[in-house]
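Me: Please take me through this structure one feature at a time, and tell me how each is defined before you apply it.

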Amino acid sequence: MTPNNVVQINYKPRPHAVDFHARHQKSAIMVWHRRAGKTVASIADLLEKAIQNPLDMPQYGYIAPTYKQAKKIAWRYIKKMGEPIVKKVMESELSVELVNGAIITLFGADNPDSLRGLYFDGVIVDEYGDISPSIFGEILSPALADRDGWIVFIGTPKGPNHFFELWEEAKALDDWFVKMLKASESRVLSSARLKKIRNQPGMDEDTYNQEFECDFHAANKGAFYAKQLNELEE
């Protein structure tokens, strides 16, 4: 991932993340199953791009549905992976400054005003299905415009919501990187482990297909014809 003249971060990409790191598109959407490492890969990609940014005062953001989630999910990863290139850690602001002056800050979509008035060179939006779709058009798109910034949406399906709509639209566009990763195809979890997860108490077929097979229709448990529609698609 990193040129030889750039300090390496504490990260070794998994095989299924290599094409994501090598992408040329400014926009990306990744629908990966649970425990596939989408957050880790995205943060590593953010750190790599931030340290290589030649512009003055680069600024990046990681956005989770809530500020508490952002801290719980991503903060330790950013500090650990970015340790070789982090100049300053600002705990109270959930921000780090890299040795080239780039700033990376964690945000919660539950406080959209914290994002207003900022510019970004790149943004990760985690679990976009749990975030209001207006945050993209009203706040993030303008914030990325003058710096020609990039954006990555990641998440796991939760019904045919706006995340599903974005996925369907992006698949038809050449200037978007799109990737769906199902547990049955990724080999991240062994077949024996998946079988154990599938058969554990409280895990029904719809929930398993939603969380591990990236099935947007299975997530919509209130839809009477969801299962039949999935069978027809297959």
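Me: What should I keep in mind about the model and its numbering?

Reply: The model is predicted, so to speak of a local feature takes pLDDT of at least 70 and side-chain atom pairs count only at pLDDT 80 or more, while totals for chains, interfaces and linings use all residues. Residues are numbered from 1 along each chain as its sequence is written, and side-chain values use heavy atoms, with hydrogens and water left out.

Me: How do I read a nonpolar core, and which residues touch the most other members of the largest one here?

Reply: In soluble globular proteins, nonpolar side chains tend to be buried together. A nonpolar core is a set of buried Ala, Val, Leu, Ile, Met, Phe, Trp, Tyr and Cys residues joined through side-chain atoms within 4.5 Å. Buried means under 20% relative accessible area, exposed over 50%, and partly exposed in between, with a 1.4 Å probe and protein chains only. Here the largest core has 37 residues, and Ile43, Leu47, Tyr62, Leu98, Ile104 and Leu106 touch the most other members.

Me: Which elements each supply at least two residues of this core?

Reply: Helices (H or I, at least four residues) and strands (E, at least two) are DSSP runs, numbered from the N terminus. The suppliers of at least two residues each are strands β1 (27-32), β2 (59-64), β4 (95-98), β5 (103-108), β7 (150-155) and β8 (176-181), with helices α2 (38-51) and α3 (67-81). The largest share, seven residues, comes from α2. Another core, of 26 residues, lies apart from this one and includes Ile29, Ala109, Ile135 and Ile151.

Me: What is Leu106 in contact with?

Reply: Contact means heavy atoms within 4.5 Å. Leaving aside neighbours within four places in sequence, Leu106 is in contact with Tyr62, Tyr67, Ala70, Lys71, Ala74, Trp75, Ile78 and Leu94.

Me: How do I read a strand, and which residues lie on each side of β6?

Reply: In a regular strand the side chains alternate between the two faces of the sheet. In β6 (residues 122-126), five of the five residues are buried. Gly122, Ile124 and Asp126 lie on one side, Val123 and Val125 on the other, and both faces are covered.

Me: How many bridges join β6 to β7?

Reply: Two strands pair if DSSP finds at least two bridges between them. Five bridges join β6 to β7, and the two run parallel; Asp126 has Ile154 of β7 as its bridge partner. β6 also pairs with β2 in the parallel sense, over four bridges, where Gly61 is partnered by Val123.

Me: Why is α8 described as largely enclosed?

Reply: Six of its eight residues are buried, so α8 is largely enclosed by the rest of the structure. The buried ones are Thr207, Tyr208, Asn209, Gln210, Glu211 and Phe212, and the buried residues of α8 pack against α6 (183-186) and α7 (191-199).

Me: What caps the N-terminal end of α8?

Reply: A polar contact is a pair of N or O atoms within 3.5 Å; within protein, one must be able to donate a hydrogen and the other to accept it, and residues adjacent in sequence count only if both atoms are side-chain atoms. Asp204 is the cap, with a side-chain oxygen 3.1 Å from the backbone nitrogen of Asp206. Just after α8, Cys214 takes a positive phi of about 55 degrees.

Me: How do I read aromatic pairs, and how many are there?

Reply: Rings of Phe, Tyr and Trp (its six-membered ring) pair if their centres lie within 6.5 Å; planes under 30 degrees apart count as stacked, over 60 as edge-to-face and the rest as tilted. The count comes to 10 aromatic pairs. Phe153 and Trp176 are stacked, at 6.0 Å centre to centre and 15 degrees between the planes. Phe153 is in strand β7 and Trp176 in strand β8, 23 residues apart.

Me: Where do Phe163 and Phe216 lie?

Reply: Phe163 lies in helix α5 (residues 162-171) and Phe216 in the loop between α8 (205-212) and α9 (226-233), so the pair ties together parts 53 residues apart in sequence. Both Phe163 and Phe216 are buried.

Me: Is Asn53 buried or exposed?

Reply: Asn53, in the loop between α2 and β2, is buried, at 13% relative accessibility. The Asn53 side chain makes a polar contact with the side chain of Asp121 (3.3 Å), and a polar atom of the Asn53 side chain lies 2.9 Å from the backbone nitrogen of Leu55.
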